[in-house]
Amino acid sequence: MAETHAKHHDYHLLDPSPWPIVGSISAFVLAVGAVQFLISHKAGASEPLWLLPGIILVFFTMIAWWSDVIKEGRQNDHTPVVQLHFRYGMILFIASEVMFFVAWFWAYFDVALYPDEAVTYARTAVTGGVWPPVPSADTDVAGLGWFANTFNPWSLPLVNTLILLLSGTTVTYAHHALLENNRKGVVRGLIATVILGMIFTAGQVFEYLHAGFSFSDHIYGSTFFMATGFHGFHVIVGTIFLAICLLRAWRGAFTPERHFGFEAAAWYWHFVDVVWLFLFASIYIWGGGSDYPAH
């Protein structure tokens, strides 16, 4: 009888789980809350509490669902075949994220390469027919929105670039330490990576607060904030991802043979690094012009 229920394959057949439907409901509640928040904001009385129920439900679903996945790993349900499929899934997820950023780069380069496109004649009035745009005060056209200047790429953006590249080396150090079963090295490397990620985010916030343009007032601001803002969101997600890996590494959850969760976080972080290099080269350097007013 026991032989009847024995496992004779390398796959993991999941038990019925409530988390897919709970996650769908949570996402719907968050979407409705976001719409209500934007409506209240447009009316001049922002109500951020509309977002709270959805955020709580989404985080609850994430914690509960991923806790079940961790338990499955402890029960040896993640066979080599299952781990291989995890890697395929993570590769496809990162590929989808690449295409997500392609959209924002496309939007940026479309206007940057054709600032005086005849078909979109309004661009000439907004940009002055050049890129980066002529400051809006110089165009003398009412209603164009406010654009004062671009950022000097060799100041804070360069520092942020070095910080993010350094974080890539520390997470790689942590990975190699894990492969050598050096738990202290893993913890130290992840602590350094998480701290560097937080510093990068703080620098980005400081930069946004001192921008010579806004999101809704000018086409430069729209393309800039969509591209760099979504990258900043990914940095925050990656920092949380690595912080959870830090907690698990500190508790001894990873081994040199079984550490896909950490490996996925490291892949994601390197993806964030590469995207930033493209942003820094194309938006801050190539698209920044050469006349940078003092900040």
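Modeller: Along the sequence, this chain reads α-α-α-α-α-α-α-α-α. It is a predicted model.

Colleague: What makes up that pattern: how many helices, and how many strands?

Modeller: The chain has nine helices and zero strands. A helix here needs a DSSP run of H or I of at least four residues, and a strand needs a run of E of at least two.

Colleague: Why are some residues called buried, and what share of the chain are they?

Modeller: Buried means under 20% relative accessible area. In this chain, 36% of the 295 residues are buried.

Colleague: What share of the contacts joins residues 24 or more positions apart?

Modeller: Such pairs account for 74% of the contacts with a separation of 6 or more. A pair counts as a contact because its heavy atoms lie within 4.5 Å.

Colleague: Where are the domains, and how far apart are their centres?

Modeller: Domain 1 covers 17-77 and domain 2 covers 80-284. Their C-alpha centres lie 23 Å apart.

Colleague: How do you know which residues are listed as "transmembrane region"?

Modeller: That comes from an unreviewed UniProt entry, whose list includes 21-38 and 267-287. Such annotations may be inferred rather than shown by experiment.

Colleague: What is the helix content of residues 21-38, and of residues 267-287?

Modeller: Residues 21-38 are 100% helix, with end C-alpha atoms 26 Å apart. Residues 267-287 are 90% helix, and their end C-alpha atoms lie 28 Å apart. Both spans have 0% strand.

Conventions:
Residues are numbered from 1 along each chain as its sequence is written. This is a predicted model: local features need pLDDT of at least 70, side-chain atom pairs count only at pLDDT 80 or more; totals for chains, interfaces and linings use all residues. Side-chain values use heavy atoms; hydrogens and water are left out. Buried means under 20% relative accessible area, exposed over 50%, partly exposed in between (1.4 Å probe, protein chains only). Domain bounds come from an automatic or database domain assignment.
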